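Please open the structure in your viewer and get the selection tool ready. We will go from one side-chain contact to the next.

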Amino acid sequence: MTRVPRDCLTLRAVSTCTGPAVRASVPVFSISAANLPGYHSALLLANDFPRLAVSSRSGTVSMVWNDTRLHPYGDILLQSFTLASLHPVQPTPVVLDTPHHGGLAFMPAVSAAASGLLDVSWFSRGSVSTAYTAVKAATGVSPRAITTPAANTTITNVASNWDNQTYELLPNFGDYTSSTLAVTGSKPYAGRTLYVAWTDGRIGVPQPFEAHLPAAGG
């Protein structure tokens, strides 16, 4: 993670900036060796890019990613840093998925509500041997949290069997989930509704779907 001062983003003939103001990093324990039944991509990797969300109210920038340090098939982890210095807020990353007893959690997305809280969504499987896939979320998570949420919200109303459908494109299923916040029409333009998007095959050829719910504290 790299902090670049706003002045460095100003278009000018010669930049006065010599480099980033500060950098921070976390080790990632890769889930890339995990087999995902029904998931067909060019690289066949379960790891997605880390996702970032800035919370001005909490004074943090947060990273979420899937990681195997505590569970061989992956947890969704959160690590936050202070906005100015990128100093770690938590002593260790926080697990966001509740215990899944041999299941799989992968490909997260994150949004920050006006309240300063985070909403994180991801694909979830009850077992590593199944292709039945749901979308779950941890909503109302403080970017300064140090404990796992008591429960997760299930976003999908049915699980999709990724082995039952095929598609000519790669990946044939939703490579990642995505989330965004709809805002009010006037100041302070606060996020009121969380929209989560994903791909599943409940009606045949994989299609994009969305569901929405009140944003965390928004």
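The tour below visits aromatic pairs, a disulfide and a salt bridge, in that order.

Before you start, note that this is a predicted model, in which local features need pLDDT of at least 70 and side-chain atom pairs count only at pLDDT 80 or more, while totals for chains, interfaces and linings use all residues. Residues are numbered from 1 along each chain as its sequence is written, and side-chain values use heavy atoms, with hydrogens and water left out.

**Stop one: aromatic rings**

How many aromatic pairs does a search of the whole structure find? There are two. Here rings of Phe, Tyr and Trp (its six-membered ring) pair if their centres lie within 6.5 Å; planes under 30 degrees apart are called stacked, over 60 edge-to-face, and the rest tilted.

Select Phe106 and Phe123 to begin: their ring centres are 5.6 Å apart and the planes meet at 35°, so this pair is tilted. Now colour by secondary structure, where helices (H or I, at least four residues) and strands (E, at least two) are DSSP runs numbered from the N terminus. Phe106 belongs to strand β7 (residues 104-112) and Phe123 to strand β8 (residues 118-125), so the pair ties together parts that are 17 residues apart in sequence.

Next, select Trp198 and Phe209. This aromatic pair is stacked, with 6.2 Å from centre to centre and 20° between the planes. The pair links distant parts of the chain, 11 residues apart: Trp198 sits in strand β13 (residues 191-200) and Phe209 in strand β14 (residues 207-214). Trp198 is buried at 5% relative accessible area, whereas Phe209 is partly exposed at 21%.

**Stop two: the disulfide**

Move on to Cys8 and Cys17, which form a disulfide with their sulfur atoms 2.0 Å apart. The rule asks for a pair of cysteine sulfur atoms within 2.5 Å, and it gives a count of one disulfide. Look along the S-S bond: at -105°, the link of Cys8 and Cys17 is left-handed. Cys17 is partly exposed, with a relative accessible area of 25%.

**Stop three: the salt bridge**

Finally, select Asp67 and Arg69. They form a salt bridge whose closest N and O atoms are 2.9 Å apart. A salt bridge needs a side-chain nitrogen of Lys or Arg within 4 Å of a carboxyl oxygen of Asp or Glu, and the count comes to one. Asp67 is buried at 0% relative accessible area, while Arg69 is partly exposed at 28%.

Notes. Buried means under 20% relative accessible area, exposed over 50%, partly exposed in between (1.4 Å probe, protein chains only).
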